[in-house]
Amino acid sequence: LEGTPSSTYTFPGASATMTQTIASGTATLGTAAITSGACATVVTVTATGVATTDVLTVGFNGDPTAVTGYGASATGAVLSIYPYPTANNVNVKVCNSTSASITPGAMTLNFRVTR
(Lines give C-alpha, C1' and ligand atoms only; values in the text may rest on other atoms or scores of the structure.)
Protein backbone atom coordinates (compact mmCIF):
# COMPACT_ATOMS: atom_id res chain seq x y z
CA LEU A 1 0.00 0.00 0.00
CA GLU A 2 1.18 3.46 -0.76
CA GLY A 3 0.38 6.44 1.40
CA THR A 4 1.56 8.34 4.37
CA PRO A 5 1.83 6.76 7.82
CA SER A 6 -1.56 6.22 9.46
CA SER A 7 -3.43 7.03 6.27
CA THR A 8 -7.19 6.64 6.18
CA TYR A 9 -8.41 4.42 3.38
CA THR A 10 -12.02 4.25 2.22
CA PHE A 11 -13.39 0.90 1.16
CA PRO A 12 -16.86 0.15 -0.16
CA GLY A 13 -19.14 0.58 2.85
CA ALA A 14 -16.34 1.28 5.38
CA SER A 15 -13.23 3.27 6.14
CA ALA A 16 -10.22 2.43 8.26
CA THR A 17 -6.99 3.96 9.48
CA MET A 18 -4.09 1.64 8.74
CA THR A 19 -0.69 1.72 10.39
CA GLN A 20 2.64 1.50 8.63
CA THR A 21 5.77 -0.15 9.99
CA ILE A 22 8.45 2.52 10.26
CA ALA A 23 11.23 0.26 11.57
CA SER A 24 11.77 -3.18 13.07
CA GLY A 25 14.73 -5.20 14.22
CA THR A 26 16.56 -6.49 17.27
CA ALA A 27 18.45 -4.99 20.19
CA THR A 28 21.02 -7.17 21.95
CA LEU A 29 21.14 -6.32 25.65
CA GLY A 30 24.42 -6.18 27.56
CA THR A 31 25.76 -8.80 29.94
CA ALA A 32 27.96 -6.65 32.20
CA ALA A 33 27.09 -6.37 35.90
CA ILE A 34 24.57 -3.65 36.77
CA THR A 35 25.05 -2.30 40.27
CA SER A 36 22.21 -1.63 42.68
CA GLY A 37 20.20 1.47 41.74
CA ALA A 38 21.97 1.91 38.40
CA CYS A 39 21.34 1.42 34.69
CA ALA A 40 23.51 -0.27 32.10
CA THR A 41 24.84 1.69 29.16
CA VAL A 42 22.02 2.39 26.72
CA VAL A 43 21.77 0.04 23.72
CA THR A 44 21.09 2.11 20.59
CA VAL A 45 20.00 0.64 17.26
CA THR A 46 19.76 2.77 14.12
CA ALA A 47 16.16 2.82 12.92
CA THR A 48 15.78 5.29 10.05
CA GLY A 49 12.50 7.19 10.12
CA VAL A 50 11.80 6.80 13.84
CA ALA A 51 10.65 10.02 15.51
CA THR A 52 10.79 11.03 19.17
CA THR A 53 6.99 10.90 19.26
CA ASP A 54 6.82 7.23 18.22
CA VAL A 55 5.96 4.38 20.56
CA LEU A 56 8.00 1.18 20.45
CA THR A 57 6.60 -2.31 20.71
CA VAL A 58 9.18 -4.67 22.17
CA GLY A 59 9.29 -8.29 23.20
CA PHE A 60 11.85 -10.94 24.09
CA ASN A 61 12.95 -13.08 21.16
CA GLY A 62 13.17 -16.12 23.43
CA ASP A 63 11.96 -17.35 26.80
CA PRO A 64 13.39 -14.96 29.42
CA THR A 65 12.32 -16.97 32.46
CA ALA A 66 15.54 -18.98 32.64
CA VAL A 67 17.85 -16.04 31.91
CA THR A 68 19.55 -14.42 34.89
CA GLY A 69 18.12 -10.99 35.57
CA TYR A 70 14.98 -11.35 33.46
CA GLY A 71 13.17 -14.40 34.84
CA ALA A 72 11.29 -14.95 38.08
CA SER A 73 13.26 -14.53 41.28
CA ALA A 74 12.43 -15.39 44.89
CA THR A 75 14.43 -12.35 45.99
CA GLY A 76 12.82 -9.91 43.55
CA ALA A 77 16.12 -9.53 41.71
CA VAL A 78 14.65 -8.76 38.30
CA LEU A 79 15.88 -6.05 35.95
CA SER A 80 13.62 -3.41 34.38
CA ILE A 81 13.73 -2.67 30.65
CA TYR A 82 13.05 0.85 29.36
CA PRO A 83 12.68 1.23 25.56
CA TYR A 84 12.44 4.73 24.07
CA PRO A 85 12.85 6.42 20.68
CA THR A 86 15.16 9.21 19.59
CA ALA A 87 15.39 10.60 16.07
CA ASN A 88 16.28 7.67 13.78
CA ASN A 89 17.11 5.38 16.72
CA VAL A 90 15.58 2.82 19.04
CA ASN A 91 17.11 2.84 22.52
CA VAL A 92 16.86 0.37 25.38
CA LYS A 93 18.09 0.85 28.94
CA VAL A 94 18.25 -1.97 31.46
CA CYS A 95 18.09 -0.82 35.09
CA ASN A 96 18.54 -2.50 38.44
CA SER A 97 16.23 -1.30 41.23
CA THR A 98 17.23 -4.06 43.64
CA SER A 99 19.62 -3.90 46.58
CA ALA A 100 22.29 -6.09 44.96
CA SER A 101 24.33 -6.12 41.77
CA ILE A 102 22.93 -8.29 38.95
CA THR A 103 24.93 -9.71 36.06
CA PRO A 104 22.33 -10.39 33.37
CA GLY A 105 22.45 -13.30 31.01
CA ALA A 106 22.35 -12.83 27.23
CA MET A 107 19.00 -11.52 25.99
CA THR A 108 17.78 -9.98 22.75
CA LEU A 109 14.66 -7.90 22.20
CA ASN A 110 12.62 -7.68 19.01
CA PHE A 111 11.23 -4.23 18.31
CA ARG A 112 8.73 -2.63 15.94
CA VAL A 113 7.74 0.98 15.42
CA THR A 114 4.42 1.65 13.70
CA ARG A 115 2.63 4.86 12.97
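This is a predicted model: local features need pLDDT of at least 70, side-chain atom pairs count only at pLDDT 80 or more; totals for chains, interfaces and linings use all residues.

Colleague: What makes up the protein chain, in terms of helices and strands?

Modeller: The protein chain has 0 helices and 9 strands. Read from the N terminus, its elements run β-β-β-β-β-β-β-β-β.

Colleague: How do you know what the radius of gyration says about the protein chain when it is set against a compact globule?

Modeller: For 115 residues, a compact globule would have a radius of gyration near 13 Å, whereas the protein chain has 18 Å. Along the principal axes, the C-alpha trace spans about 60 × 25 × 20 Å.

Colleague: What makes the link between the side chains of Asn-91 and Thr-44 a polar contact?

Modeller: The side chains of Asn-91 and Thr-44 are joined at 2.8 Å, and the rule asks for N or O atoms within 3.5 Å, one able to donate a hydrogen and the other to accept it. The pair is therefore a polar contact by that definition. The side chain of Asn-91 also makes a polar contact with the side chain of Thr-86, at 3.0 Å. Beyond its neighbours within four places in sequence, Asn-91 is in contact with several residues, including Val-42, Leu-56 and Tyr-84.

Colleague: Why are Phe-60 and Tyr-70 called an aromatic pair, and which arrangement do they have?

Modeller: By the rule used, the count comes to 1 aromatic pair. The ring centres of Phe-60 and Tyr-70 are 6.0 Å apart and their planes are at 65°. Centres must lie within 6.5 Å, and planes over 60 degrees apart count as edge-to-face, so the two rings form an edge-to-face pair. Phe-60 is in strand 6 and Tyr-70 in the loop between strand 6 and strand 7, 10 residues apart, and the pair links distant parts of the chain.

Colleague: How do you know whether Phe-60 and Tyr-70 are buried or partly exposed?

Modeller: Phe-60 has a relative accessible area of 33%, which lies between the limits of 20% and 50%, so Phe-60 is partly exposed. Tyr-70, at 9%, is under 20% and is therefore buried.

Colleague: What makes Thr-108 buried?

Modeller: Thr-108, found in strand 9 (residues 108-114), has a relative accessible area of 19%. That value is under 20%, so Thr-108 is buried. Leaving aside neighbours within four places in sequence, its contacts include Ala-27, Gly-59 and Phe-60.

Colleague: Why is Gly-76 not called buried?

Modeller: Gly-76 lies in the loop between strand 6 (56-60) and strand 7 (80-86). Its relative accessible area is 44%, and buried would require under 20%. Gly-76 is therefore partly exposed.

Colleague: Which residues make up the largest nonpolar core?

Modeller: It has 12 residues in all, among them Ala-27, Leu-29, Tyr-70 and Val-92. Another core, of 8 residues, lies apart from it and includes Ala-47 and Phe-111. In soluble globular proteins, nonpolar side chains tend to be buried together. Of the 115 residues of the protein chain, 30% count as buried.

Key:
Residues are numbered from 1 along each chain as its sequence is written. Side-chain values use heavy atoms; hydrogens and water are left out. Helices (H or I, at least four residues) and strands (E, at least two) are DSSP runs, numbered from the N terminus. Buried means under 20% relative accessible area, exposed over 50%, partly exposed in between (1.4 Å probe, protein chains only). Rings of Phe, Tyr and Trp (its six-membered ring) pair if their centres lie within 6.5 Å; planes under 30 degrees apart count as stacked, over 60 as edge-to-face and the rest as tilted. The radius of gyration is taken over C-alpha atoms; the globule rule is 2.2 Å times the number of residues to the power 0.38. Contact means heavy atoms within 4.5 Å. A nonpolar core is a set of buried Ala, Val, Leu, Ile, Met, Phe, Trp, Tyr and Cys residues joined through side-chain atoms within 4.5 Å.
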